[in-house]
Amino acid sequence: MTETSLTPTDNVSSDDDESSVGSQPVVHPDPSQPMPMSSKARAKRRIAALEEELETMRQEKGGKQRKTTLYVAQGRAIRRLVVLYHSLEDLVAENDRRQNCLQRSYIELARVLPWLHGKLGDLDHEDSEDMLRKANAARSDDTSTLKELVATWVNQEFRPSPLIKLHDKHSHGFVSDICGKLLCPAEWDWSQDSVKAGIRDRTTEYIISENSWPLFVYENYQVNSDDLEEGFLKSRLLVLAFKAIFTSPSSARETDGDGDGADIIENNRRARQRSDQTKVKTCVASIINMRKVTPRAIAYIACQVRFALSSVSSWRTIDGDFDYEAFWCNIVDFFEDVPGPVTRRKVDKLLEWWTRKIFGTNHREDLTPELVSHMSVNALAEQRKRLEDAAFDSD
């Protein structure tokens, strides 16, 4: 019998034939070519690529958000210092058209937020809307803060009977005898029953509008009909409210003197008390780098105090016949639209009075080069220089 020898190849072929009929021969991959991938592996790679792309987008968005967060947060100053209602687009458009009223608002906006003009191109519509949301939120916060504080101050100063309720706005306004007095136009006498009845009944003879200055804006809440500018915008209620919003509610308990020297000891005592207290929160004035009181800040506070005294429970532009925006404009125009140099000096003096009331008597930023040049340090330096020049000439 002839013995047949089997080669390894024959043996493999035989085994393959037994295990799988008609199978293809094994193909060894070329290491120089990409490895073949299953559909599952390709899906995993695609998912990984998408996740990486998503993370990149998140980082880019996060960078943009960090870049604009400061801008948006500083939008809280817009209502307090620039304009009561208008949007950023309105201010920019009015500035482009060189209109007078809102152009001054745009100029003030550029002063309060000096980075804004150069960054307008980087801020999209959503960013500007976020800034205005912050601005409106700040106004709402201030309204809530003053709602109870103003009622408390009125109760403490006037001791009305009954006391006005802190949490019930319906007990405010002209229903309340004391709130009615403070809201009463300067040209009428609230103590007269006919005036009270006419205002409360809303007759055509007694229309409450922004065209009258309310009594609460006057010093000691008294009006000199022969000189309506006397004591105008110098009421204690306005000063307290300004301090509560821009420096702190606790600082509103302090009322500094007008600089006649009589309050030095008391002010020093309060300064020592403040230095012993832990500083908890940075005040609004520090955040927005405010060192002087501005006309628009006063107008803003006047609107807030007027709302706190009223019976309206939610902020609105129109309260009956009273237009808050027009009232705000009237106060701003009093400062900014003066008829001549005499009235300009008077409003400048009023702003100085406000700055002393709120920020004290520091005037370092008023040290202009011209003023410094006449002070004794420079005067001595000039004298020494002249002495050397004289000695040189004599030689």
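User: What makes the largest nonpolar core a core, and which of its residues touch the most other members?

Analyst: A nonpolar core is a set of buried Ala, Val, Leu, Ile, Met, Phe, Trp, Tyr and Cys residues joined through side-chain atoms within 4.5 Å. Buried means under 20% relative accessible area, exposed means over 50%, and partly exposed lies in between (1.4 Å probe, protein chains only). The largest core has 66 residues, and L233, F242, L309 and W354 touch the most other members. Helices that each supply at least two residues of this core include α7 (125–158), α10 and α15 (341–359). The largest share, 11 residues, comes from α13. The model is predicted: local features need pLDDT of at least 70, side-chain atom pairs count only at pLDDT 80 or more, and totals for chains, interfaces and linings use all residues. Residues are numbered from 1 along each chain as its sequence is written, and side-chain values use heavy atoms, with hydrogens and water left out.

User: Which residues does L309 contact, leaving aside its neighbours within four places in sequence?

Analyst: Contact means heavy atoms within 4.5 Å. By that rule L309 is in contact with V150, V154, H172, G173, C179, L182, L183, F216 and L237.

User: How many helices and strands does the chain have, and what share of its residues is buried?

Analyst: There are 17 helices and two strands. Of the 395 residues, 35% count as buried.

User: What makes R202 and D321 a salt bridge, and where do the two residues lie?

Analyst: A salt bridge is a side-chain nitrogen of Lys or Arg within 4 Å of a carboxyl oxygen of Asp or Glu. The closest N and O atoms of R202 and D321 are 3.7 Å apart, so the pair qualifies. R202 lies in the loop between α9 and α10, and D321 in the loop between β1 (318–319) and β2 (322–323), so the pair ties together parts that are 119 residues apart in sequence. R202 has a relative accessible area of 56% and is exposed, whereas D321, at 44%, is partly exposed.

User: What separates D348 and R344 along their helix?

Analyst: They are four residues apart in α15, which means about one helical turn.

User: Why is the aromatic pair of F322 and F327 called tilted?

Analyst: Rings of Phe, Tyr and Trp (its six-membered ring) pair if their centres lie within 6.5 Å; planes under 30 degrees apart count as stacked, over 60 as edge-to-face and the rest as tilted. F322 and F327 have 5.2 Å centre to centre and 55 degrees between the planes, so the pair counts as tilted. Both residues are buried.
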